[in-house]
Every structure is written in C-alpha cells, then in structure tokens.
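The following note is intended for a colleague who is meeting this structure for the first time. Its points are numbered so that each may be checked against the model.

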Amino acid sequence: MVSPRPAVQALPAYRPGRNPADLAREIGVDRAVKLASNEVAFPPLPAVVQAVAAAAGETNRYPDNGAVVLTAALAQHYGVDPEQIATGGGAVTLCQELAQAYTEPGTSIAFAWRSFEMYPLLARVAGARAIQVPLVPGRDGGPADTHDLDGLLAAIDDTTRLVFVCNPNNPTGTAVRRAELERFLDAVPATTLVVLDEAYREFVTDPDVPDGIELMRGRPNVAVLRTFSKAWGLAGLRVGYLVAEDPAVAEAVRKTHVPFSVSMLAQVAAVAALTCEDEVRRRCAAVAAERSRLTAALRERGLDVADSQANFVWLPVGEQAAELAAALEARAVITRPFAGEGVRVTVGAPDEDDVFLAALDAVRDGAPPR
Ligand SMILES: Cc1ncc(COP(=O)(O)O)c(C=O)c1O
C-alpha cells in the first residue's frame, strides 16, 4: 500500500458541516438555522448575481490565472500597486501558499491559540514547527480570549518565518488595538513575515482597531489577508487576497499559486462586489447592530461574552461546549463547538438569532427537544 506522509496521515479527516435542511428533516421541524460558518445571512448582492449569470456562458474557457482585472480593481480600492497583491481561492488557499513560499522543515510558524484552525495544519503539512501562544484574559477575571502579543513576540525565534495575527480573532471575536499592534510590529525581526489575517475586518466598529493595510505601510515584513467570503457574501465562490507592503512577498505567493484556483465566476463576482461598497457597509453595520443585541441578550443570561469585532460571538463555556452544541442542534440550531473551550455562534439575521436564543433558553431550562 502506498502511504501518505506521516504528517498527512496525522491530519484530522475532513468532517462535513451539518446542513440545515437535512437537520430539519431529521428532527422533524420546519426550519433549522445554521450559525456555524460565519457567513452573512444576506443573499448575494444583485450586481454579483448579474455578473455571474453573464459570465456563465463563458465557462468553457479557463479563468485569467493572473486575475488582472480583479487585481487592478483591488489595487485601486486600497490605493496600492497591483504588484503588492496576490489573489487566491479563498484566504485559506493564500495561507497554504504563504506556508509553501516561506516555510520548510527546520522553520516555524507562530500564532495565538486558540485561533483559526488552519494555522496548525499549515505548519504540519509544511513540516514546520507550530509555535502556539495561549490566549490570555482580555478583562479581569474573564476567560482567555485575547491575543498575548508580548508572549507571541517572546516566542518568535530565528527559525520563525511566519507569524499569523488573526484580527479580529476567530473564534473568540476579540481584536488587538493599534498601539499594541504597532509595538509588536516594530519589534518583530525583519526575517519574520507578519500576516495580519483580517478575514473579518469589515465588521470592525472599534476605531482603535487598526486597518492592517494602513498599518502595513512602510513595514516590508507585513502582509494582510482579506476575503470576499464573509462581508462581501461570496463564500460559495472562493476568492480572497493578500496585500503586502513588499511586492516581493506578493510575488512569492503568486509563485506558489495553485493554477487557475480563482475561477472566472469568482473573479467577475469579486469585481462586481467591489462596486457595491456602500451596500456592503450598510450590511456590515446591520451585522454589528445585531451583534450588539445578541451580545447583550447573552450577557443578560449570565454568559461572559467578550465584545466581538467580528460577525460571530464566543460562548466561553469550557467543558460544556460539545454538550451545549449538541443540545442546540437537537433544537435545530447549528453552531460551532470547540471541545473543552467554547461555542462560536455566527451573528445571523435577527429572526435566526431569536431561534438560537430560544433554543439556548430551552437547553438551560432543561426542556426536552421537540
Ligand atoms: C481567520 C480566518 N482566516 C481566513 C479564513 C478563510 O476564508 P476563505 O478561505 O473563505 O477566504 C477564515 C474563514 O473562516 C477565517 O476565519
């Protein structure tokens, strides 16, 4: 038998997420809600639907592997040079391409933990050491939910090629602020690339949480990851991008690009989405307002929920995480548990969040599922 590499054998097998329609059928209810994947509840933007429909008749052709039109649109949007940009089949693919471009056995990747679940997997596949720096309490006596940038800095050594700072952090929703992030960036060695993973940037409302693309200027060892999957509503099409201060970083990522991985439909959809910035801002403001309502409702129920700057909230229920998520699922609400740590709940439409809150109350009252 041909065996995969040991690092690959040790990876967890892919587990498909729960589908709400299947769950509803299984438990015999009209409707289940999915608050597990940090998508937005809004339908795709009308301009996106039109652009995809118009391009559908050309899908016998390969996409532009350089995504020239999208790259130019992004460059104009952010006031950077196209050479500073690399596009990818979702930000997750760009994470893999970064690891391929910058790491090898004997090197390391540093990041906070708990954070985006891809980071340790990237390191394993690359044969690089994962340096995981535990989150710390963001407020007195609170749960560990916030980046420890001093700890992260102290953990970086001369093998460290990449540091991921997920801001806001998935799954806890907390964000690091300008002064501490600037101090951190000033101190990181020039031989380590800091990747500010800003998949949720558009949902940030705290003016003290810096925009990575502004912060990156003048810092050649900083790059920013963004995605069209969340605020821009294109999760199903797979497109993200990296913006780097040093064009050599974007070039290295373009060299490891999985050929044609940003489809033609994803490219036209992203270009169309960028023309709808005002509508996207309105949608993000609605998500932020709903996030406040949900946070307040959870706090009223005695849960120690941090201020989230993303489109999800974190329930720090520790050992009860798996049990709580299973009980919510039995009541038609799909969330994302992290066993032994907490449950992440995506901010949905207000009616979806009401279904979640009612299910949570039922679980806590010990009411049997229908
Ligand atoms: C922190 C973070 N980075 C990157 C991604 C990847 O997003 P995508 O590959 O859909 O662009 C996600 C998605 O959940 C995320 O949470």
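1. In which pocket does the ligand sit? The ligand sits in the largest pocket. A pocket is, on a 1 Å grid over the protein atoms alone, an open set of points where a 1.4 Å probe fits, with protein on both sides within 12 Å along at least five of seven lines. A molecule sits in a pocket if more than half of its atoms lie within 2 Å of its grid points.

2. Basis of the note. This is a predicted model, in which local features need pLDDT of at least 70 and side-chain atom pairs count only at pLDDT 80 or more, while totals for chains, interfaces and linings use all residues. Residues are numbered from 1 along each chain as its sequence is written, and side-chain values use heavy atoms, with hydrogens and water left out.

3. The shell around the ligand has 13 residues, of which Ala-91, Tyr-200, Thr-227, Ser-229 and Arg-238 come nearest; a residue is near a molecule if one of its heavy atoms lies within 4 Å of it. By class, the shell holds six nonpolar, four polar and three charged residues. Here Ala, Val, Leu, Ile, Met, Phe, Trp, Tyr, Cys and Pro count as nonpolar, Asp, Glu, Lys and Arg as charged, and the others, Gly among them, as polar.

4. Ser-229 places a polar side-chain atom 2.6 Å from an oxygen atom of the ligand. For Arg-238, a side-chain N or O atom is 2.7 Å from a ligand oxygen atom. Val-92 takes part through its backbone, with an N or O atom 3.0 Å from an oxygen atom of the ligand. On its own the ligand has 400 Å² of accessible area, and the protein covers 91% of this; such areas come from the Shrake-Rupley method with a 1.4 Å probe.

5. Thr-146 belongs to strand β6 (residues 144-146); strands are DSSP runs of E with at least two residues, helices are runs of H or I with at least four, and both are numbered from the N terminus. Is Thr-146 buried or exposed? Thr-146 is buried because its relative accessible area is 15%, where buried means under 20%, exposed over 50% and partly exposed in between (1.4 Å probe, protein chains only). Its side chain makes a polar contact of 2.6 Å with the side chain of Asp-145. His-147 lies in the loop between β6 and α7 (149-155) and is also buried, at 5% relative accessibility. The C-alpha atoms of His-147 and Trp-113 are separated by 8.3 Å, although the two residues are 34 apart along the chain.

6. Cis peptide bonds. Trp-113 and Arg-114 are joined by a cis peptide bond with omega of about 10 degrees. Arg-114 is located in the loop between β3 (108-113) and α6 (118-126). The bond from Asn-170 to Pro-171 is cis as well, with omega near 20 degrees, and Pro-171 lies in the loop between β7 (160-166) and α8 (178-187).

7. Positive phi values. Asn-38 is not a glycine, yet its phi is positive, near 60 degrees. This residue is placed in the loop between β1 (33-34) and α3 (46-55), and its 1% relative accessibility is why Asn-38 counts as buried. Ala-332 likewise has a positive phi, of about 75 degrees. Ala-332 occupies the loop between α13 (321-330) and β12 (333-334), where it is buried at 5% relative accessible area.

8. The two ends of helix α2. At the start of α2 (residues 20-27), a side-chain oxygen of Asn-19 reaches to within 2.8 Å of the backbone nitrogen of Ala-21. Just after α2, Gly-28 takes a positive phi of about 70 degrees.

9. Asn-221. Which backbone oxygen lies 3.2 Å from a polar side-chain atom of Asn-221? It is the backbone oxygen of Pro-189. Asn-221 itself is found in the loop between α9 (212-215) and β9 (222-227), and counts as buried at 12% relative accessibility.

Methods: Polar contact = N/O pair within 3.5 Å; in protein donor to acceptor, adjacent residues only side chain to side chain. 1 Å grid on protein atoms, 1.4 Å probe; cavity = no way out; pocket = protein on both sides within 12 Å on 5 of 7 lines; lining within 4 Å.
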